[in-house]
Amino acid sequence: MTTRIPTTRRRFLSTAAGAGAAASLLPAPFVLAQPSKVKVGILLPYTGTYASLGHNITDAMIMAIEEAGGMLGGRPVEYVKVDSEADPAKAANNTNKLIAGEKVDFLTGPVHSGVAMAMVKIAREEGTITIVSNAGAAAVTRQMCAPNVFRTSFSNWQTCFPMGPEMMKRGRKKAVSITWNYAAGHEMIGAFKEGYVPAGGQVMKEILIPFPNIEFQAHLTEIASLKPDAVFAFFAGGGAVKFVKDYDAAGLKKTIPLHGSGFLTDGTLHAQGAAAEGVLTTLHYAESLDTPTNKRFKEAFKKRTGRTADVYAVQGYDTGQLLVHAMKSVKGDVRAKKEIMAAMRGAKLDSPRGTMSFSKAQNPIQDIYLREVRKGDNVVIGVAHKALADPGTGCGMS
Amino acid sequence: MDVSTFLVQSLNSVQYGFLLFLVASGLTLIFGILGVINLAHGSFFMIGAYLAHWLALKTGNLFVAIALGLPLSFLLGLAVERLAIGFLYARDHLYQVLLTYGLILIFNELQRILWGNDVHGVPTPAALSASIPLTEAQSYPVYRFFISLACLGVAAAMYLVINRTKLGMLIRAGASNREMVELLGFGVKRLYAVVFALGAALTAFAGMLSAPVNSVYPGMGEHVLIISFVVVVIGGLGSIQGAFVGAMLIGFVDTFGKVFLPEAASLSVYAFMAAVLLWRPQGLFGVRPA
């Protein structure tokens with residue numbers, strides 16, 4: 001479904017039937033009285049499990065553009081939102097709706113990696129400048145990288161790779177990894193091993209659980225009998241809550257410290273309660289990050305939406321910032337694609353997460369923070385890896 | 001695998017089996033006895049979990065929340081039966097599938113409107129939040145034992161009601177020959193409504209009770225739907241004992257499948273079901289149709 005801001009679809013339809021339809025028939029000079037709008041297509045989930053992510057990304061992105069005067073390179077902006085439903089099966093169709101149907105100048109989104117694969121595939125062929133604002137699938141800025149595809153979020157690899165050395169620093173030399181048996185799980189655990197094994201760590205066992213199974217008891221018993229120094233886990237959403245709670249209830253946390261990708265405790269911390277205390281994670285952001293930019297961002301987002309800013313809002317905000325920066329450099333001329341892409345590649349954003357620039361494969365170069373859950377908060381206890389870039393393996397751009 | 005690990009894994013199996021029976025018990029009533037294919041089974045489970053979350057937040061006590069949530073879910077069951085399911089007893093199963101699938105969508109949307117899409121946790125009641133050490137590394141949460149106990153209670157109560165009371169006799173009679181029971185002067189319509197509502201309440205009860213060990217999140221109902229059908233089908237339609245034995249067997253197959261055949265963990269339960277059905281198409285305790 002396509003909706004326009006600020007007009008809802010229903011209002012749009014009813015007015016379009018009358019005045020709107022008539023206006024579109026007016027001769028061109030009347031319409032061109034003000035500069036034509038820059039069309040920003042947004043493909044994000046607004047219904048279903050990931051709806052809150054979709055809303056946070058969208059609202060923060062628009063907030064960034066409005067903070068810069070609500071214009072892109074001096075031209076007003078039209079946001080065309082399509083609900084992705086986080087459904088890969090509908091992704092190609094939805095992408096085409098925006099690129100071919102709406103003829104958007106920029107394409108942003110999605111949350112789900114499966115949707116991202118379909119979206120990026122089409123964007124590569126059509127050449128539409130695309131900014132991936134969440135999905136962390138490695139391929140987006142590896143095998144499938146393209147001059148017109150940027151990412152303002154993270155690659156799965158980035159959120160796990162720095163944890164291994166941190167574990168070794170604490171003398172945790174033998175680990176068991178546990179995740180769901182699906183693409184993101186494999187990427188996360190693979191990245192963890194890439195950091196852990198060269199640093200001298202030994203992965204005793206890799207436990208893979210059928211997705212989205214959440215009965216962990218048998219595996220917890222297995223971990224207890226293996227007696228590793230540490231456990232590294234990746235789960236998200238309901239699974240993350242249940243795993244952290246079960247791990248604690250099984251008494252394992254006392255003897256075998258739990259580590260994970262930041263998504264283990266981000267957005268789920270409240271539901272996990274005391275069970276999450278002491279869990280160590282790595283991520284490119286933490287709400288507790290004590291910088292002026294982050295503080296100002298969190299206040300502005302709260303004031304605007306009434307909601308608490310999270311990592312997804314940050315990614316949306318930086319998507320907006322990147323658009324503002326690039327369009328300013330070409331003074332609003334969307335036909336100057338080459339210059340826009342060059343400006344994006346060279347961008348250095350003052351993000352709530354810290355300074356952020358882009359790698360050759362156009363994935364963020366960013367600090368990865370080591371966070372510990374303390375009193376129900378992901379507290380930054382250090383930088384696990386300064387200015388980490390995804391290796392971009394398989395990307396031919398240089 | 002050493003002996004202590006084996007024992008703990010067996011405990012995991014039994015405990016998971018109990019949980020499965022609890023989750024599938026409502027379906028045993030609705031599918032096993034009324035013969036209605038109720039895809040909205042998972043939705044009742046989800047509603048139970050959300051009620052537990054919401055009421056526990058308001059009242060500060062999970063048990064008070066369950067006491068309030070049970071009559072609410074019973075009433076919801078009655079309403080669903082009156083407004084929807086009641087029209088379809090005589091119809092083909094396909095109609096029931098379509099209708100109850102529609103109910104899933106409605107309940108999911110209601111959940112989104114009422115409670116939003118965040119993941120919630122329900123704290124374990126303080127009195128039961130301790131853990132019992134089992135091995136040097138692992139301990140077992142008391143609350144899980146409590147769930148097992150509750151499940152035994154539910155199983156015993158269901159068995160007694162269905163097999164030893166007049167209501168149970170009517171239910172069984174209605175299940176095998178509805179018209180005859182009606183001709184004998186009993187209100188089958190009302191009886192069915194009560195059984196359906198009981199099934200819904202039982203399912204919601206399972207959702208409420210397991211809320212502290214599960215988490216409460218959108219789409220959680222879909223997880224339990226399929227495994228519940230597996231339990232009931234393996235056990236045999238209409239058999240409480242069957243569902244109980246089926247749940248236990250699946251508990252063991254799933255747990256030890258994960259340990260010994262991790263590559264096939266997602267398959268083990270279904271392979272087991274296929275094997276049982278090849279051997280006894282009517283399920284372990286089911287009656288072969290004449």
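Modeller: Helices (H or I, at least four residues) and strands (E, at least two) are DSSP runs, numbered from the N terminus. This is a predicted model, so local features need pLDDT of at least 70 and side-chain atom pairs count only at pLDDT 80 or more, while totals for chains, interfaces and linings use all residues. Residues are numbered from 1 along each chain as its sequence is written, with chains lettered from A and ligands numbered from 1 in the order in which they are written.

The part I'd pick is strand E5 (residues 106–109) of chain A. A:Phe106 and A:Thr108 point one way from E5(A), A:Leu107 and A:Gly109 point the other way, and all are buried (20 or more other C-beta atoms within 10 Å of the residue's own; exposed is 12 or fewer, partly exposed is in between, and C-beta atoms are placed from the backbone).

E5(A) has strand E2 (residues 38–44) of chain A running parallel to it, joined by 3 bridges. It also runs parallel to strand E6 (residues 129–132) of chain A, through 4 bridges. A:Phe106 shows up in both pairings: A:Val40 stands opposite it, and its bridge partner in E6(A) is A:Ile129.

Now step off the end of the strand. A cis peptide bond joins A:Gly109 to A:Pro110, with omega at about -20°. A:Pro110 sits in the loop between E5 and helix H5 (113–126) of chain A. For context, most peptide bonds are trans, and most residues other than glycine have a negative phi.

A:Lys331 is not a glycine, yet has a positive phi of about 55°. You'll find A:Lys331 in the loop between helix H14 (311–329) and helix H15 (337–345) of chain A, and it counts as exposed because it has 11 C-beta neighbours inside 10 Å. A:Ala387 also has a positive phi, near 40°, but this residue belongs to strand E16 (residues 377–388) of chain A. A:Ala387 counts as partly exposed because 15 C-beta neighbours lie inside 10 Å.

What does chain A do with its partner? 32 residues of chain A are in contact with 33 residues of chain B (contact being C-beta atoms, placed from the backbone, within 7 Å). On the chain A side, the elements giving two or more residues are helix H3 (51–67), helix H9 (217–226), helix H10 (237–249), helix H11 (252–255) and helix H12 (269–272). H9(A) gives the most, with 8 residues. That side of chain A splits into 14 nonpolar, 13 polar and 5 charged residues. For those classes, Ala, Val, Leu, Ile, Met, Phe, Trp, Tyr, Cys and Pro count as nonpolar, Asp, Glu, Lys and Arg as charged, and the others, Gly among them, as polar.

Terms used:
Two strands pair if DSSP finds at least two bridges between them. Two residues are in contact if their C-beta atoms, placed from the backbone, lie within 7 Å.
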